[in-house]
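This report goes through one protein chain, from single residues to the overall fold. Keep the sequence and the 3D view at hand while reading.

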Amino acid sequence: MHKIDKILIGTHNKGKFKEISSLLPNKVEKVSPIDLGIESPEESGKTFLQNSELKANFFCNKSKLITLSDDSGLEIDCLNGQPGIFSSRWAKQFGSFDNAMIEILNKIKTLNKGTAAQFVCSLTIQWPDGKKISEIGKIKGNISSKKGNNGFGYDPIFVPNGHSRTFAEMDYKEKLLIDHRYIAYKKLEEKIKVYF
Ligand code: IMP
């Protein structure tokens, strides 16, 4: 069995790269597709799982390195799970994350059907021989008014259950050890720790 000493973290998102790097063992060398000049694939999947598999497969084939990819997003109950897999595309569509968050807050206020939401993350690790393992992590919470300056994406409007502050009000380490990526990684770690 070959030990994993180097992993490509298949994302161009700096916030995700930092979080996933922190979850992996220190001794593992982490490589970004940006360093290798590899573009992102089109996210044509219909689920988080399909998209994380598609990204892991794409980056692994391009780099020939063991690759860990994530697909994640925010599902809001009263919006029938939107933006979901379109979370980053909503930010593009509305011009920025700030605009997308304002749009979400307005929609929720108008609908007046509650603020329940969840962040979802699918993580897929793929080896160059085609072997792959995926796990999903979810964290439930509520949408709140925009607060805090830490984190990335929709962090300023999400308060996880059992907490009173948004992800963006928490310090980096606090969010890292409770969020959807952490939950997915802990499940995956059970299956891949023998390779470290
Ligand atoms: P994708 O997985 O690259 O399609 O992007 C998912 C998008 O979901 C990100 O760009 C963020 O907008 C959002 N997202 C995923 N995870 C988080 C998180 O932990 N905090 C805030 N936003 C997130």
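Does Lys175 count as buried or exposed? The model is predicted, and in it Lys175 has a relative accessibility of 4%. Residues under 20% are classed as buried, so Lys175 counts as buried. Lys175 lies in helix H5, which covers residues 172-176. Leaving out residues up to four places away in sequence, Lys175 touches Glu19, Phe152, Asp155, Phe167, Met170 and Arg181.

**The chain as a whole**

The protein chain has 6 helices and 7 strands. Along the sequence they follow the pattern β-α-β-α-β-β-α-α-β-β-β-α-α. A compact globule of 196 residues would have a radius of gyration near 16 Å, and the 17 Å of the protein chain agrees with this. Along its principal axes, the C-alpha trace spans about 55 × 30 × 25 Å.

Of the 196 residues, 46% are buried. Among contacts with a separation of 6 or more, 57% are between residues 24 or more positions apart. The accessible surface of the chain is about 9900 Å², and carbon and sulfur atoms account for 50% of that area. The chain carries 30 positive and 23 negative side chains, and the centres of these two sets lie 1 Å apart.

**The nonpolar cores**

In soluble globular proteins, nonpolar side chains tend to be buried together. The largest nonpolar core in this chain has 21 residues. Ile4, Ile7, Leu68 and Ile125 are the residues with the most contacts inside this core. Strand E1 (6-10), helix H1 (14-23), strand E5 (116-126) and helix H6 (180-192) each supply at least two of its residues. H6 gives the most, with 4 residues. A second, separate core has 19 residues, including Met101, Ile143, Ile157 and Met170.

Not counting residues up to four places away in sequence, Ile125 touches Ile4, Ile7, Ile66, Thr67, Leu68, Lys131, Lys132, Ile133, Leu188 and Ile192.

Ala116 has its place in strand E5. With neighbours within four places in sequence left aside, Ala116 is in contact with Ile76, Asp77, Gly141 and Asn142. Ala116 and Ile143 are 27 residues apart in sequence, and their C-alpha atoms are 6.5 Å apart in space.

Glu189 lies in helix H6.

The table lists the relative accessible area of several residues.

| Residue | Relative accessible area | Class |
|---|---|---|
| Ala116 | 32% | partly exposed |
| Glu189 | 21% | partly exposed |
| Asn80 | 77% | exposed |
| Asn112 | 66% | exposed |

**Backbone details**

Asn80 lies in the loop between strand E3 (67-76) and E4. Asn112 also is not a glycine, and its phi is near 55°, a positive value. Asn112 is found in the loop between helix H4 (97-111) and E5.

The peptide bond from Gln82 to Pro83 is cis, with omega near -5°. Pro83 has its place in strand E4, residues 82-83.

Technical notes:
Residues are numbered from 1 along each chain as its sequence is written. This is a predicted model: local features need pLDDT of at least 70, side-chain atom pairs count only at pLDDT 80 or more; totals for chains, interfaces and linings use all residues. Side-chain values use heavy atoms; hydrogens and water are left out. The radius of gyration is taken over C-alpha atoms; the globule rule is 2.2 Å times the number of residues to the power 0.38. Buried means under 20% relative accessible area, exposed over 50%, partly exposed in between (1.4 Å probe, protein chains only). Contact means heavy atoms within 4.5 Å. Accessible areas come from the Shrake-Rupley method with a 1.4 Å probe; for residues, only the protein chains shown count as cover. Lys and Arg count as positive and Asp and Glu as negative; His and the chain ends are not counted. The place of a charge is taken as NZ of Lys, CZ of Arg, CG of Asp or CD of Glu. A nonpolar core is a set of buried Ala, Val, Leu, Ile, Met, Phe, Trp, Tyr and Cys residues joined through side-chain atoms within 4.5 Å.
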